[in-house]
Number of protein chains: 2
Amino acid sequence: MPERLGDPLETPLFERVAIIGIGLIGSSIAHAVRQKNLAGSIVAIDRDTEVAARVDALGLADAIFSDVAEGVKGCDLVILCVPVGACGPVAKQMAASLREGVIVTDVGSVKGAVVASMEPHLPAHAHFIPGHPVAGTEQSGPDAGFATLFHERWCILTPAYGVDPAAVARLQEFWEGMGARIEFMSAPHHDLVLAITSHVPHLIAYNIVGTAADLEQVTQSEVIKFSAGGFRDFTRIAASDPTMWRDVFLNNKEAVLEMISRFNEDLAALARAIRWDDGDALYDLFSRTRSIRRSIIDLGQETDAPDFGRRPGKD
Amino acid sequence: MPERLGDPLETPLFERVAIIGIGLIGSSIAHAVRQKNLAGSIVAIDRDTEVAARVDALGLADAIFSDVAEGVKGCDLVILCVPVGACGPVAKQMAASLREGVIVTDVGSVKGAVVASMEPHLPAHAHFIPGHPVAGTEQSGPDAGFATLFHERWCILTPAYGVDPAAVARLQEFWEGMGARIEFMSAPHHDLVLAITSHVPHLIAYNIVGTAADLEQVTQSEVIKFSAGGFRDFTRIAASDPTMWRDVFLNNKEAVLEMISRFNEDLAALARAIRWDDGDALYDLFSRTRSIRRSIIDLGQETDAPDFGRRPGKD
């Protein structure tokens with residue numbers, strides 16, 4: 001686990017925060033809010049009774065609701081941590097119960113479709129500021145969260161023109177309190193950036209794991225045994241939450257399909273270089289890609305240790 | 001670093017081992033041979049004078065040669081740790097100097113092409129047993145090696161029909177002494193298995209890092225900043241040694257192109273599922289892939305810790 005966050009605030013930023021959907025992200029926010037005293041009280045809302053029971057057992061919240069409309073009452077910050085396909089329906093359910101001046105935000109990996117599905121339902125007195133913390137692990141559920149998940153990770157906010165700057169500043173302070181850095185972007189640009197940095201990488205990871213599982217010339221047992229040659233790296237993100245990722249692809253269709261096309265064009269060129277024995281073309285690309293990893297490490301977004309510092313079979 | 005190996009042998013398995021090419025694999029073998037007393041003396045052979053100087057400074061060998069024919073004299077085990085494209089030329093250079101009954105092996109990620117290029121040069125009195133330890137990190141050079149690199153990793157041996165079983169048993173014992181597990185396979189089957197578990201994963205990792213670097217709608221700085229969404233995972237194997245990987249693709253062309261075709265067919269089906277809003281097809285695949293990672297972890301080939309247990313920016 002990364003280091004702990006700084007000291008708790010003396011005065012919380014919000015009176016009462018509602019977290020809707022207590023998975024990896026929702027539970028991590030709960031841990032961080034509690035640890036940093038970012039809100040006076042935490043309301044956890046989840047329609048899954050097993051999840052609600054775990055939230056209770058883990059002591060993640062001051063109050064637990066299954067009903068969204070009930071849960072958000074009196075909250076001055078509401079954070080949707082549900083799969084992006086559920087954001088519209090949840091916004092509709094809670095709309096009539098939202099307190100005057102509430103900040104409504106989300107953590108979805110897609111912004112355009114989330115804005116389109118939520119905005120029509122929200123009352124004019126709510127400040128809607130879509131958000132996306134670019135952080136996570138391959139694990140999911142209320143037990144997977146931890147307070148430092150957002151530490152030194154970027155959180156992208158995509159407020160529309162005209163949103164109250166004071167509300168934006170408060171939400172920024174909230175995320176910075178959890179250790180994140182803030183970047184502002186338009187929703188369409190966010191969706192393009194994430195298509196290449198997150199969505200297509202997940203898709204090709206899922207895809208190659210599927211391809212390997214379905215081969216008739218190589219057994220699944222061989223794929224598993226000899227996975228240390230590179231394949232196992234892909235299985236990590238291919239172990240991510242299926243519902244969340246189904247919704248991401250269905251809701252960022254255009255940008256994902258565009259980036260897949262680019263990927264395919266480049267892969268066709270590489271395959272041709274292999275077929276035609278063009279070793280120079282291969283060497284050129286393989287040299288260029290090293291420097292990008294170096295930059296990611298230098299920016300503190302990746303470990304410098306060989307092999308991610310992992311210790312297979314030892315944890 | 002993983003745990004240390006077991007106790008050193010009382011009597012070495014070999015009198016004098018020659019390691020040709022002192023990169024990550026060659027230097028790791030040197031460390032492990034020394035630590036486990038697997039050979040009476042270690043001869044390091046590298047034509048690169050800077051590498052030879054590092055080998056000297058690190059104390060990796062008892063003798064250092066730049067000339068292959070000189071270096072292998074008197075050795076009863078010779079291990080080629082050079083890029084697979086160099087194996088044929090190196091075999092030719094050393095052929096006349098090989099001691100009676102020597103075991104000649106290699107560590108290349110391709111076996112068919114290596115056998116075809118080496119075998120014609122080797123004298124009948126040498127036991128040729130091609131090998132491939134499925135282990136590595138993204139780092140390269142004589143400083144990158146460590147004694148436990150092969151620990152609990154598979155080493156695949158592909159001896160031809162009729163090779164002396166006693167020689168094979170000695171080489172097996174040597175690898176097991178370094179902590180590896182042994183699997184026997186035909187060279188063509190090896191090349192198919194590695195195409196899907198290692199070569200194509202590397203190719204698509206190199207490819208997506210290249211695609212991301214070349215986009216005009218998303219800046220390289222954005223790709224780097226938001227890489228924690230999944231992209232950064234791919235940069236690790238895309239930081240592997242360019243010469244080694246160029247040679248792998250040029251020498252396992254048929255199997256790699258076949259596996260790329262499979263990958264492309266599956267990716268086209270996934271893209272179609274996205275285009276047609278077929279959420280069930282996406283969910284089905286995304287659920288199936290989780291169990292493969294579980295099996296890899298259960299077999300001790302991967303860490304159980306979330307996010308590979310990595311701590312970005314902390315190492």
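About 11000 Å² of area is buried between chain B and chain A, and carbon and sulfur atoms give 66% of that area. Welcome to this structure, which is a predicted model. The contact between the two chains brings together 112 residues of chain B and 112 residues of chain A.

Now let us look inside chain A. Where the domains touch, 16 residues of domain 1 of chain A are in contact with 16 residues of domain 2 of chain A. On the domain 1 side, S109(A), E138(A) and M185(A) lose the most area to domain 2 of chain A, and together they make up 40% of what that side buries.

The two contacts can be set beside each other:

| Contact | Residues in contact | Buried area | Share from carbon and sulfur atoms |
|---|---|---|---|
| Chain B with chain A | 112 of chain B, 112 of chain A | about 11000 Å² | 66% |

UniProt, in an unreviewed entry, places the feature "domain: Prephenate/arogenate dehydrogenase" at residues 15-304 of chain A. In the model, the end C-alpha atoms of residues 15-304 of chain A lie 40 Å apart, and the span is 51% helix and 13% strand.

Let us finish with a pair of helices in chain A. Helix α11 (residues 253-275) and helix α12 (residues 279-298) of chain A pack at an angle of about 135°, with their axes 8 Å apart. Because of that angle, α11(A) is oblique to α12(A). Which residues meet in this packing of α11(A) and α12(A)? From α11(A) come L270(A), A273(A) and I274(A), and they meet A281(A), L282(A) and L285(A) in α12(A). The residues of this contact between α11(A) and α12(A) divide into six nonpolar, no polar and no charged.

Conventions. Residues are numbered from 1 along each chain as its sequence is written. Chains are lettered from A and ligands numbered from 1 in the order in which they are written. This is a predicted model: local features need pLDDT of at least 70, side-chain atom pairs count only at pLDDT 80 or more; totals for chains, interfaces and linings use all residues. Side-chain values use heavy atoms; hydrogens and water are left out. Axes are lines fitted to C-alpha atoms, for helices over the stretch in contact, and angles run from 0 to 180 degrees between N-to-C directions. Helices (H or I, at least four residues) and strands (E, at least two) are DSSP runs, numbered from the N terminus. Angles under 35 degrees count as roughly parallel, over 145 as roughly antiparallel, 65 to 115 as roughly perpendicular and the rest as oblique. Contact means heavy atoms within 4.5 Å. Ala, Val, Leu, Ile, Met, Phe, Trp, Tyr, Cys and Pro count as nonpolar, Asp, Glu, Lys and Arg as charged, and the others, Gly among them, as polar. UniProt positions are given in the numbering used here, feature names are shortened, and annotations may be inferred rather than shown by experiment. Buried area is the accessible area (1.4 Å probe) that two parts lose on being put together, summed over both.
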